[in-house]
Amino acid sequence: MNSPTQAESLVFDGRSVIDGKRVNARSGDTFACISPVDGSQLAEVARCSAADIDAAVAAARAAFDDHRWSGLAPAQRKKIMIRFADLVQKNGDRLALTETMDMGKPVKYARAVDVNSAANCLRWYGEAVDKVYDEIAPTPRTALALITREPVGVVGVIVPWNYPMIMAAWKIAPALAAGNSVVLKPSEKSPLTALLLADLALEAGIPAGVFNVVTGFGPEAGSPLALHMDVDCIAFTGSTRVGKQIHVMAGQSNLKRAWTELGGKSPNIVFADCPNLDKAVEAAIGSIFFNQGESCNAPSRLFLQDSIRDEFLERALKLVPAYAPADPRQASTIMGALVDKIQMNTVLGYIESGRTEGATLLAGGEQVLTETGGCYVQPTIFAGVTPDMKIAREEIFGPVLSVLSFSDAADVVRQANASVYGLQAGVWTSDLNKAHGVARALRAGTVHVNQYDEDDITVPFGGFKQSGVGRDKSLHAFDKYTETKTTWIRIDSPV
Ligand code: NAD
(Lines give C-alpha, C1' and ligand atoms only; values in the text may rest on other atoms or scores of the structure.)
Protein backbone atom coordinates (compact mmCIF):
# COMPACT_ATOMS: atom_id res chain seq x y z
CA MET A 1 0.00 0.00 0.00
CA ASN A 2 2.30 2.80 -1.15
CA SER A 3 0.86 4.69 -4.06
CA PRO A 4 -1.04 7.98 -3.99
CA THR A 5 -4.27 6.17 -4.99
CA GLN A 6 -4.04 3.83 -2.05
CA ALA A 7 -3.51 6.78 0.28
CA GLU A 8 -6.73 8.32 -0.99
CA SER A 9 -8.66 5.16 -0.05
CA LEU A 10 -7.67 5.48 3.63
CA VAL A 11 -10.35 6.69 6.04
CA PHE A 12 -9.13 8.40 9.20
CA ASP A 13 -11.00 8.44 12.51
CA GLY A 14 -9.95 11.49 14.56
CA ARG A 15 -11.85 10.65 17.75
CA SER A 16 -9.92 10.01 20.96
CA VAL A 17 -9.80 6.64 22.74
CA ILE A 18 -10.90 6.86 26.37
CA ASP A 19 -11.84 3.85 28.50
CA GLY A 20 -11.84 1.57 25.46
CA LYS A 21 -14.18 3.69 23.34
CA ARG A 22 -13.76 6.11 20.46
CA VAL A 23 -15.12 9.45 21.70
CA ASN A 24 -15.43 13.07 20.63
CA ALA A 25 -14.08 15.85 22.83
CA ARG A 26 -16.61 16.66 25.57
CA SER A 27 -16.84 20.18 24.16
CA GLY A 28 -17.51 18.77 20.67
CA ASP A 29 -14.60 20.83 19.35
CA THR A 30 -12.35 19.50 16.60
CA PHE A 31 -9.33 20.67 14.64
CA ALA A 32 -8.38 19.99 11.05
CA CYS A 33 -5.58 17.49 10.47
CA ILE A 34 -3.85 18.73 7.31
CA SER A 35 -1.44 16.59 5.29
CA PRO A 36 1.93 18.20 4.53
CA VAL A 37 2.12 15.95 1.47
CA ASP A 38 -0.44 17.91 -0.54
CA GLY A 39 -2.27 20.25 1.82
CA SER A 40 -5.41 18.08 1.89
CA GLN A 41 -7.51 17.65 5.03
CA LEU A 42 -7.20 14.11 6.38
CA ALA A 43 -9.61 14.26 9.33
CA GLU A 44 -11.38 16.34 11.92
CA VAL A 45 -9.61 15.45 15.15
CA ALA A 46 -11.08 15.72 18.65
CA ARG A 47 -9.80 18.93 20.26
CA CYS A 48 -9.64 17.68 23.82
CA SER A 49 -9.06 19.72 26.95
CA ALA A 50 -8.95 19.36 30.72
CA ALA A 51 -12.36 17.61 31.01
CA ASP A 52 -11.28 14.91 28.56
CA ILE A 53 -7.94 14.48 30.31
CA ASP A 54 -9.84 14.10 33.61
CA ALA A 55 -11.99 11.36 32.07
CA ALA A 56 -8.97 9.53 30.63
CA VAL A 57 -7.03 9.75 33.90
CA ALA A 58 -10.08 8.51 35.85
CA ALA A 59 -10.39 5.53 33.47
CA ALA A 60 -6.66 4.81 33.78
CA ARG A 61 -6.81 5.08 37.58
CA ALA A 62 -9.83 2.76 37.83
CA ALA A 63 -8.07 0.21 35.60
CA PHE A 64 -4.93 0.40 37.72
CA ASP A 65 -6.72 0.15 41.02
CA ASP A 66 -8.86 -2.86 40.15
CA HIS A 67 -5.74 -4.69 38.87
CA ARG A 68 -7.32 -5.69 35.55
CA TRP A 69 -3.86 -5.21 34.00
CA SER A 70 -1.44 -4.43 36.82
CA GLY A 71 -2.60 -7.62 38.61
CA LEU A 72 -1.88 -9.96 35.72
CA ALA A 73 1.16 -12.20 36.01
CA PRO A 74 4.03 -10.75 33.95
CA ALA A 75 3.84 -13.80 31.67
CA GLN A 76 0.20 -12.97 30.89
CA ARG A 77 1.01 -9.34 30.11
CA LYS A 78 3.84 -10.60 27.95
CA LYS A 79 1.46 -12.64 25.78
CA ILE A 80 -0.83 -9.67 25.21
CA MET A 81 2.05 -7.28 24.48
CA ILE A 82 3.38 -9.71 21.88
CA ARG A 83 -0.09 -9.95 20.31
CA PHE A 84 -0.13 -6.13 20.24
CA ALA A 85 3.25 -6.12 18.44
CA ASP A 86 1.99 -8.74 15.96
CA LEU A 87 -1.06 -6.61 15.18
CA VAL A 88 1.13 -3.56 14.56
CA GLN A 89 3.11 -5.63 12.05
CA LYS A 90 -0.05 -7.03 10.46
CA ASN A 91 -1.44 -3.53 9.99
CA GLY A 92 1.97 -2.17 8.97
CA ASP A 93 1.03 -0.93 5.49
CA ARG A 94 -1.93 1.05 6.77
CA LEU A 95 0.03 2.48 9.70
CA ALA A 96 2.92 3.44 7.44
CA LEU A 97 0.79 5.20 4.87
CA THR A 98 -1.13 7.00 7.62
CA GLU A 99 2.16 8.22 9.09
CA THR A 100 3.29 9.39 5.65
CA MET A 101 0.11 11.32 5.00
CA ASP A 102 0.06 12.76 8.52
CA MET A 103 3.65 13.97 8.82
CA GLY A 104 5.25 13.71 5.38
CA LYS A 105 7.93 11.03 5.80
CA PRO A 106 8.67 8.64 2.91
CA VAL A 107 6.41 5.59 3.08
CA LYS A 108 9.46 3.41 2.44
CA TYR A 109 10.91 4.43 5.81
CA ALA A 110 7.56 4.66 7.59
CA ARG A 111 7.12 0.95 6.83
CA ALA A 112 10.71 -0.29 7.22
CA VAL A 113 11.72 1.89 10.17
CA ASP A 114 8.76 3.35 12.04
CA VAL A 115 6.38 0.37 11.94
CA ASN A 116 9.10 -2.22 12.47
CA SER A 117 10.76 -0.33 15.33
CA ALA A 118 7.46 0.32 17.09
CA ALA A 119 6.42 -3.35 16.81
CA ASN A 120 9.88 -4.52 17.88
CA CYS A 121 9.80 -2.22 20.91
CA LEU A 122 6.39 -3.52 22.05
CA ARG A 123 7.56 -7.10 21.59
CA TRP A 124 10.90 -6.55 23.34
CA TYR A 125 9.42 -5.09 26.53
CA GLY A 126 6.68 -7.73 26.47
CA GLU A 127 9.30 -10.45 26.27
CA ALA A 128 11.51 -8.81 28.91
CA VAL A 129 8.92 -8.36 31.62
CA ASP A 130 8.85 -11.97 32.84
CA LYS A 131 12.63 -12.16 32.86
CA VAL A 132 13.55 -9.34 35.22
CA TYR A 133 14.01 -10.36 38.85
CA ASP A 134 13.74 -8.35 42.03
CA GLU A 135 16.40 -8.39 44.76
CA ILE A 136 17.09 -9.55 48.30
CA ALA A 137 19.55 -7.36 50.15
CA PRO A 138 22.61 -8.79 51.97
CA THR A 139 21.28 -7.98 55.44
CA PRO A 140 22.04 -9.64 58.83
CA ARG A 141 20.26 -13.00 59.50
CA THR A 142 17.82 -11.35 61.87
CA ALA A 143 15.96 -9.65 59.04
CA LEU A 144 15.08 -10.07 55.41
CA ALA A 145 14.93 -7.04 53.10
CA LEU A 146 13.04 -7.49 49.82
CA ILE A 147 13.70 -4.86 47.17
CA THR A 148 10.83 -4.98 44.71
CA ARG A 149 9.78 -2.88 41.77
CA GLU A 150 6.17 -1.84 41.49
CA PRO A 151 4.40 0.00 38.68
CA VAL A 152 4.13 3.73 39.44
CA GLY A 153 0.40 3.76 38.57
CA VAL A 154 -0.97 6.19 35.97
CA VAL A 155 1.61 7.32 33.41
CA GLY A 156 1.00 10.40 31.26
CA VAL A 157 2.86 10.35 27.95
CA ILE A 158 3.34 13.37 25.65
CA VAL A 159 5.12 12.87 22.33
CA PRO A 160 6.26 14.94 19.33
CA TRP A 161 5.45 14.55 15.64
CA ASN A 162 8.73 13.44 14.05
CA TYR A 163 8.51 9.70 14.83
CA PRO A 164 4.96 9.51 16.20
CA MET A 165 4.75 5.72 16.53
CA ILE A 166 8.32 5.09 17.68
CA MET A 167 8.29 7.87 20.29
CA ALA A 168 4.99 6.55 21.64
CA ALA A 169 6.25 2.94 21.65
CA TRP A 170 9.47 3.81 23.51
CA LYS A 171 7.30 4.99 26.41
CA ILE A 172 4.09 2.97 26.32
CA ALA A 173 5.90 -0.37 25.83
CA PRO A 174 7.92 -0.35 29.09
CA ALA A 175 5.14 1.47 30.95
CA LEU A 176 2.45 -1.04 29.94
CA ALA A 177 4.70 -4.09 30.27
CA ALA A 178 5.50 -3.02 33.86
CA GLY A 179 1.77 -2.97 34.67
CA ASN A 180 0.95 0.74 34.52
CA SER A 181 -2.07 2.42 32.95
CA VAL A 182 -1.29 5.07 30.33
CA VAL A 183 -2.79 8.29 28.98
CA LEU A 184 -1.00 9.28 25.76
CA LYS A 185 -1.28 12.71 24.16
CA PRO A 186 0.17 12.64 20.65
CA SER A 187 1.26 15.79 18.85
CA GLU A 188 -1.54 17.81 17.30
CA LYS A 189 0.56 17.75 14.11
CA SER A 190 0.50 13.95 13.76
CA PRO A 191 -2.22 12.36 15.92
CA LEU A 192 -3.53 9.62 13.64
CA THR A 193 -1.27 6.60 14.16
CA ALA A 194 -1.44 6.89 17.97
CA LEU A 195 -5.21 6.46 17.71
CA LEU A 196 -4.74 3.36 15.55
CA LEU A 197 -2.29 1.98 18.13
CA ALA A 198 -4.99 2.34 20.80
CA ASP A 199 -7.45 0.38 18.63
CA LEU A 200 -4.86 -2.37 18.09
CA ALA A 201 -4.05 -2.52 21.82
CA LEU A 202 -7.72 -3.19 22.56
CA GLU A 203 -7.88 -5.81 19.82
CA ALA A 204 -4.78 -7.47 21.32
CA GLY A 205 -6.52 -7.79 24.68
CA ILE A 206 -5.18 -4.86 26.70
CA PRO A 207 -8.24 -4.12 28.85
CA ALA A 208 -10.30 -0.94 28.34
CA GLY A 209 -9.03 2.00 30.38
CA VAL A 210 -5.43 0.76 30.48
CA PHE A 211 -4.24 2.60 27.36
CA ASN A 212 -6.02 5.85 26.50
CA VAL A 213 -5.15 8.28 23.71
CA VAL A 214 -6.33 11.88 24.07
CA THR A 215 -5.78 14.23 21.12
CA GLY A 216 -5.37 17.99 21.27
CA PHE A 217 -2.98 20.91 21.57
CA GLY A 218 -0.17 21.23 24.09
CA PRO A 219 -1.51 23.99 26.33
CA GLU A 220 -5.11 22.64 26.17
CA ALA A 221 -4.55 18.88 26.59
CA GLY A 222 -0.84 18.43 27.39
CA SER A 223 -0.69 20.85 30.31
CA PRO A 224 -3.72 19.40 32.14
CA LEU A 225 -2.05 15.99 31.87
CA ALA A 226 1.29 17.27 33.20
CA LEU A 227 -0.49 19.19 35.99
CA HIS A 228 -2.91 16.40 36.92
CA MET A 229 -2.92 15.48 40.60
CA ASP A 230 -3.75 11.83 39.87
CA VAL A 231 -1.01 11.19 37.31
CA ASP A 232 2.00 9.53 38.93
CA CYS A 233 4.56 9.99 36.19
CA ILE A 234 4.86 12.13 33.07
CA ALA A 235 7.08 10.92 30.23
CA PHE A 236 7.70 13.60 27.64
CA THR A 237 9.54 13.80 24.34
CA GLY A 238 9.68 17.15 22.58
CA SER A 239 11.43 20.48 22.60
CA THR A 240 13.68 21.68 25.41
CA ARG A 241 11.44 24.74 25.79
CA VAL A 242 8.36 22.67 26.62
CA GLY A 243 10.40 20.04 28.47
CA LYS A 244 11.40 22.68 31.03
CA GLN A 245 7.74 23.55 31.52
CA ILE A 246 6.95 19.86 32.10
CA HIS A 247 9.36 19.75 35.06
CA VAL A 248 7.81 22.95 36.44
CA MET A 249 4.28 21.51 36.09
CA ALA A 250 5.36 18.30 37.82
CA GLY A 251 6.69 20.38 40.71
CA GLN A 252 3.66 22.66 40.80
CA SER A 253 1.26 19.73 41.10
CA ASN A 254 1.93 16.43 42.84
CA LEU A 255 5.69 16.07 42.27
CA LYS A 256 4.97 13.37 39.72
CA ARG A 257 8.04 11.69 38.28
CA ALA A 258 9.02 13.67 35.17
CA TRP A 259 11.16 12.24 32.37
CA THR A 260 12.08 14.35 29.39
CA GLU A 261 13.76 13.48 26.08
CA LEU A 262 14.52 16.81 24.42
CA GLY A 263 16.33 18.59 21.63
CA GLY A 264 19.80 18.24 20.17
CA LYS A 265 22.44 19.88 18.03
CA SER A 266 24.72 16.91 17.65
CA PRO A 267 28.35 17.31 16.52
CA ASN A 268 29.81 14.90 13.97
CA ILE A 269 33.61 15.13 14.01
CA VAL A 270 35.76 13.93 11.12
CA PHE A 271 39.51 13.82 11.72
CA ALA A 272 41.98 13.78 8.83
CA ASP A 273 42.87 10.16 9.73
CA CYS A 274 39.27 9.00 9.21
CA PRO A 275 39.51 5.32 8.15
CA ASN A 276 37.03 5.56 5.28
CA LEU A 277 36.15 9.01 3.97
CA ASP A 278 33.39 7.77 1.65
CA LYS A 279 31.62 6.06 4.54
CA ALA A 280 31.96 9.20 6.65
CA VAL A 281 30.51 11.31 3.83
CA GLU A 282 27.59 8.91 3.30
CA ALA A 283 26.82 8.82 7.03
CA ALA A 284 27.06 12.60 7.44
CA ILE A 285 24.70 13.26 4.53
CA GLY A 286 22.40 10.27 5.09
CA SER A 287 21.92 11.02 8.79
CA ILE A 288 21.23 14.76 8.49
CA PHE A 289 18.74 14.33 5.65
CA PHE A 290 17.00 11.20 6.98
CA ASN A 291 13.42 12.00 8.05
CA GLN A 292 13.83 15.42 6.36
CA GLY A 293 16.31 16.36 9.08
CA GLU A 294 13.53 16.14 11.66
CA SER A 295 15.45 13.90 14.05
CA CYS A 296 16.51 14.91 17.54
CA ASN A 297 19.83 13.07 17.09
CA ALA A 298 20.57 14.36 13.56
CA PRO A 299 24.27 15.24 13.26
CA SER A 300 23.50 18.84 12.34
CA ARG A 301 26.96 20.27 13.16
CA LEU A 302 29.60 18.71 10.93
CA PHE A 303 33.17 19.43 12.14
CA LEU A 304 35.82 18.83 9.47
CA GLN A 305 39.54 18.93 10.21
CA ASP A 306 41.11 21.66 8.08
CA SER A 307 43.21 19.40 5.83
CA ILE A 308 40.29 17.26 4.56
CA ARG A 309 37.54 19.88 4.43
CA ASP A 310 37.53 20.57 0.68
CA GLU A 311 37.84 16.91 -0.31
CA PHE A 312 35.02 15.92 2.07
CA LEU A 313 32.66 18.62 0.84
CA GLU A 314 33.34 17.83 -2.81
CA ARG A 315 32.31 14.21 -2.21
CA ALA A 316 29.33 15.24 -0.06
CA LEU A 317 27.88 17.52 -2.71
CA LYS A 318 27.75 14.62 -5.17
CA LEU A 319 25.30 12.81 -2.87
CA VAL A 320 22.89 15.69 -2.35
CA PRO A 321 20.83 15.43 -5.59
CA ALA A 322 19.59 11.97 -4.53
CA TYR A 323 17.79 13.70 -1.63
CA ALA A 324 15.71 16.01 -3.81
CA PRO A 325 12.27 16.10 -2.15
CA ALA A 326 9.53 14.07 -3.86
CA ASP A 327 6.08 12.63 -3.15
CA PRO A 328 6.61 10.52 -0.01
CA ARG A 329 3.87 8.10 -1.06
CA GLN A 330 6.10 6.83 -3.86
CA ALA A 331 8.24 3.84 -2.89
CA SER A 332 11.39 5.34 -4.38
CA THR A 333 11.27 8.62 -2.39
CA ILE A 334 13.91 9.12 0.32
CA MET A 335 13.17 12.78 1.21
CA GLY A 336 9.55 13.77 1.79
CA ALA A 337 7.70 16.79 3.19
CA LEU A 338 8.29 18.74 6.40
CA VAL A 339 5.53 18.26 8.93
CA ASP A 340 3.62 21.49 8.29
CA LYS A 341 3.84 25.07 7.07
CA ILE A 342 4.88 26.37 10.49
CA GLN A 343 7.90 24.03 10.61
CA MET A 344 8.72 24.75 6.97
CA ASN A 345 8.77 28.49 7.64
CA THR A 346 10.93 27.97 10.73
CA VAL A 347 13.44 26.03 8.63
CA LEU A 348 13.36 28.64 5.84
CA GLY A 349 13.93 31.32 8.51
CA TYR A 350 17.08 29.52 9.69
CA ILE A 351 18.30 29.25 6.10
CA GLU A 352 17.81 32.99 5.73
CA SER A 353 19.72 33.62 8.94
CA GLY A 354 22.62 31.46 7.67
CA ARG A 355 22.75 33.60 4.56
CA THR A 356 22.61 36.92 6.39
CA GLU A 357 25.15 35.87 9.05
CA GLY A 358 27.67 35.14 6.30
CA ALA A 359 27.77 31.34 5.94
CA THR A 360 28.40 29.96 2.45
CA LEU A 361 25.39 28.22 0.92
CA LEU A 362 26.78 25.15 -0.90
CA ALA A 363 23.51 23.38 -1.72
CA GLY A 364 19.75 23.86 -1.55
CA GLY A 365 18.19 26.68 0.41
CA GLU A 366 14.79 26.82 -1.28
CA GLN A 367 11.23 25.67 -0.86
CA VAL A 368 10.25 23.40 -3.77
CA LEU A 369 7.24 21.52 -5.19
CA THR A 370 4.98 24.45 -4.25
CA GLU A 371 2.46 23.35 -6.90
CA THR A 372 1.66 20.26 -4.78
CA GLY A 373 0.30 22.34 -1.89
CA GLY A 374 2.75 20.44 0.36
CA CYS A 375 5.73 21.52 2.50
CA TYR A 376 9.00 20.66 0.75
CA VAL A 377 12.45 22.17 1.34
CA GLN A 378 15.65 21.27 -0.50
CA PRO A 379 18.47 19.51 1.35
CA THR A 380 20.68 22.41 2.36
CA ILE A 381 24.38 22.67 3.26
CA PHE A 382 26.14 25.70 4.69
CA ALA A 383 29.95 25.79 4.89
CA GLY A 384 32.06 28.41 6.63
CA VAL A 385 29.78 28.29 9.66
CA THR A 386 31.24 29.80 12.82
CA PRO A 387 30.23 28.87 16.39
CA ASP A 388 28.50 32.20 17.05
CA MET A 389 26.01 31.83 14.16
CA LYS A 390 22.41 30.88 14.90
CA ILE A 391 22.62 27.88 12.55
CA ALA A 392 25.55 26.57 14.65
CA ARG A 393 23.81 27.03 17.99
CA GLU A 394 20.08 26.38 17.60
CA GLU A 395 18.24 23.19 16.71
CA ILE A 396 16.78 23.72 13.22
CA PHE A 397 14.93 20.40 12.95
CA GLY A 398 14.99 20.37 9.17
CA PRO A 399 17.26 19.35 6.28
CA VAL A 400 20.04 21.85 7.00
CA LEU A 401 23.68 20.92 7.64
CA SER A 402 26.09 23.42 9.22
CA VAL A 403 29.74 22.72 8.42
CA LEU A 404 32.41 24.02 10.82
CA SER A 405 36.20 23.59 10.92
CA PHE A 406 38.73 22.59 13.56
CA SER A 407 42.47 22.28 13.96
CA ASP A 408 43.02 19.52 16.56
CA ALA A 409 41.29 17.29 19.12
CA ALA A 410 41.32 19.84 21.93
CA ASP A 411 39.88 22.52 19.64
CA VAL A 412 37.03 20.32 18.40
CA VAL A 413 36.08 18.96 21.82
CA ARG A 414 35.82 22.54 23.10
CA GLN A 415 33.66 23.59 20.14
CA ALA A 416 31.50 20.44 20.18
CA ASN A 417 30.77 20.77 23.90
CA ALA A 418 29.93 24.48 23.62
CA SER A 419 26.22 23.73 23.29
CA VAL A 420 23.28 23.63 25.66
CA TYR A 421 22.50 20.21 24.18
CA GLY A 422 24.24 16.86 24.70
CA LEU A 423 22.24 14.19 22.92
CA GLN A 424 24.61 12.43 20.51
CA ALA A 425 27.96 12.85 18.78
CA GLY A 426 30.06 11.19 16.08
CA VAL A 427 33.84 10.72 15.87
CA TRP A 428 35.72 9.46 12.81
CA THR A 429 39.38 8.50 13.28
CA SER A 430 41.76 5.53 12.82
CA ASP A 431 43.54 6.33 16.06
CA LEU A 432 42.17 4.20 18.91
CA ASN A 433 43.51 6.53 21.58
CA LYS A 434 41.94 9.54 19.92
CA ALA A 435 38.63 7.71 19.48
CA HIS A 436 38.43 6.77 23.17
CA GLY A 437 39.82 10.05 24.43
CA VAL A 438 37.46 12.23 22.39
CA ALA A 439 34.45 9.96 23.02
CA ARG A 440 35.09 10.24 26.75
CA ALA A 441 35.49 14.02 26.59
CA LEU A 442 32.27 14.63 24.64
CA ARG A 443 29.31 15.54 26.84
CA ALA A 444 26.69 13.42 25.06
CA GLY A 445 24.37 10.53 25.89
CA THR A 446 25.57 8.50 22.90
CA VAL A 447 28.84 8.70 20.96
CA HIS A 448 29.21 6.95 17.58
CA VAL A 449 32.71 5.99 16.45
CA ASN A 450 33.33 5.47 12.72
CA GLN A 451 29.58 5.18 12.00
CA TYR A 452 26.49 7.22 12.86
CA ASP A 453 23.58 4.86 12.38
CA GLU A 454 23.84 2.01 14.87
CA ASP A 455 20.65 1.71 16.87
CA ASP A 456 19.13 -1.05 18.93
CA ILE A 457 16.32 -1.39 21.44
CA THR A 458 18.84 -2.94 23.88
CA VAL A 459 20.77 0.32 24.41
CA PRO A 460 19.69 3.43 26.34
CA PHE A 461 18.78 6.60 24.42
CA GLY A 462 18.81 10.06 25.97
CA GLY A 463 20.91 13.09 26.57
CA PHE A 464 23.21 15.07 28.83
CA LYS A 465 22.54 18.72 29.69
CA GLN A 466 19.40 20.29 28.20
CA SER A 467 18.78 17.27 25.97
CA GLY A 468 16.73 15.84 28.79
CA VAL A 469 16.41 13.76 31.92
CA GLY A 470 16.24 9.96 31.89
CA ARG A 471 16.72 7.32 29.22
CA ASP A 472 14.35 5.59 26.80
CA LYS A 473 14.94 2.04 25.51
CA SER A 474 16.82 -0.88 27.11
CA LEU A 475 16.02 -2.39 30.51
CA HIS A 476 16.95 1.00 32.07
CA ALA A 477 13.58 2.36 30.85
CA PHE A 478 11.80 0.18 33.42
CA ASP A 479 13.36 2.41 36.10
CA LYS A 480 11.19 5.29 34.88
CA TYR A 481 7.91 3.44 35.20
CA THR A 482 8.48 1.57 38.46
CA GLU A 483 8.92 2.57 42.08
CA THR A 484 11.52 0.78 44.18
CA LYS A 485 10.09 -0.59 47.41
CA THR A 486 11.92 -2.10 50.38
CA THR A 487 10.05 -4.54 52.60
CA TRP A 488 11.76 -5.47 55.89
CA ILE A 489 10.76 -8.77 57.47
CA ARG A 490 11.95 -9.58 60.99
CA ILE A 491 13.29 -13.09 61.48
CA ASP A 492 13.36 -14.39 65.02
CA SER A 493 15.42 -17.44 64.25
CA PRO A 494 14.69 -20.39 66.55
CA VAL A 495 18.17 -21.79 65.90
P1 NAD B 1 7.09 20.41 21.21
O2 NAD B 1 7.81 20.53 22.49
O3 NAD B 1 6.57 21.61 20.56
O4 NAD B 1 5.83 19.44 21.39
C5 NAD B 1 5.97 18.13 21.90
C6 NAD B 1 4.67 17.70 22.53
O7 NAD B 1 4.41 18.55 23.64
C8 NAD B 1 3.45 17.82 21.61
O9 NAD B 1 2.58 16.74 21.85
C10 NAD B 1 2.81 19.12 22.06
O11 NAD B 1 1.43 19.19 21.85
C12 NAD B 1 3.11 19.09 23.55
N13 NAD B 1 3.10 20.39 24.20
C14 NAD B 1 3.38 21.61 23.65
N15 NAD B 1 3.21 22.60 24.56
C16 NAD B 1 2.84 21.99 25.72
C17 NAD B 1 2.53 22.46 27.02
N18 NAD B 1 2.56 23.75 27.31
N19 NAD B 1 2.19 21.55 27.96
C20 NAD B 1 2.19 20.22 27.67
N21 NAD B 1 2.44 19.73 26.47
C22 NAD B 1 2.78 20.59 25.49
O23 NAD B 1 8.06 19.58 20.24
P24 NAD B 1 7.81 19.12 18.74
O25 NAD B 1 7.97 20.30 17.85
O26 NAD B 1 6.57 18.31 18.67
O27 NAD B 1 9.01 18.10 18.53
C28 NAD B 1 10.28 18.48 18.15
C29 NAD B 1 11.23 18.45 19.33
O30 NAD B 1 11.24 17.13 19.89
C31 NAD B 1 12.65 18.72 18.91
O32 NAD B 1 13.24 19.61 19.83
C33 NAD B 1 13.32 17.35 18.99
O34 NAD B 1 14.70 17.39 19.19
C35 NAD B 1 12.59 16.73 20.13
N36 NAD B 1 12.73 15.27 20.11
C37 NAD B 1 13.54 14.67 21.04
C38 NAD B 1 13.74 13.29 21.02
C39 NAD B 1 14.63 12.61 22.03
O40 NAD B 1 14.51 11.40 22.20
N41 NAD B 1 15.51 13.33 22.71
C42 NAD B 1 13.08 12.52 20.06
C43 NAD B 1 12.26 13.16 19.14
C44 NAD B 1 12.08 14.54 19.17
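Me: How many nonpolar, polar and charged residues are in the shell around the ligand?
Reply: This is a predicted model, in which local features need pLDDT of at least 70 and side-chain atom pairs count only at pLDDT 80 or more, while totals for chains, interfaces and linings use all residues. Residues are numbered from 1 along each chain as its sequence is written, and side-chain values use heavy atoms, with hydrogens and water left out. Ala, Val, Leu, Ile, Met, Phe, Trp, Tyr, Cys and Pro count as nonpolar, Asp, Glu, Lys and Arg as charged, and the others, Gly among them, as polar. Sorted in this way, the shell holds 15 nonpolar, 10 polar and 4 charged residues.

Me: Which side chain has an N or O atom 2.6 Å from an oxygen atom of the ligand?
Reply: A polar contact is a pair of N or O atoms within 3.5 Å; within protein, one must be able to donate a hydrogen and the other to accept it, and residues adjacent in sequence count only if both atoms are side-chain atoms. Tryptophan 161 places a polar side-chain atom 3.0 Å from an oxygen atom of the ligand, and serine 223 has a side-chain N or O atom 3.0 Å from a ligand nitrogen. The distance of 2.6 Å, to a ligand oxygen, belongs to the side chain of glutamate 188.

Me: How much of the ligand's exposed area does the protein bury?
Reply: Accessible areas come from the Shrake-Rupley method with a 1.4 Å probe, and for residues only the protein chains shown count as cover. Taken alone, the ligand exposes 850 Å², and the share of this that the protein buries is 92%.

Me: Is serine 70 buried or exposed?
Reply: Buried means under 20% relative accessible area, exposed over 50%, and partly exposed in between, with a 1.4 Å probe and protein chains only. Serine 70 sits in the loop between helix H2 (50–65) and helix H3 (74–90), where helices (H or I) are DSSP runs of at least four residues, numbered from the N terminus. Because its relative accessibility is 17%, serine 70 counts as buried.

Notes:
Helices (H or I, at least four residues) and strands (E, at least two) are DSSP runs, numbered from the N terminus.
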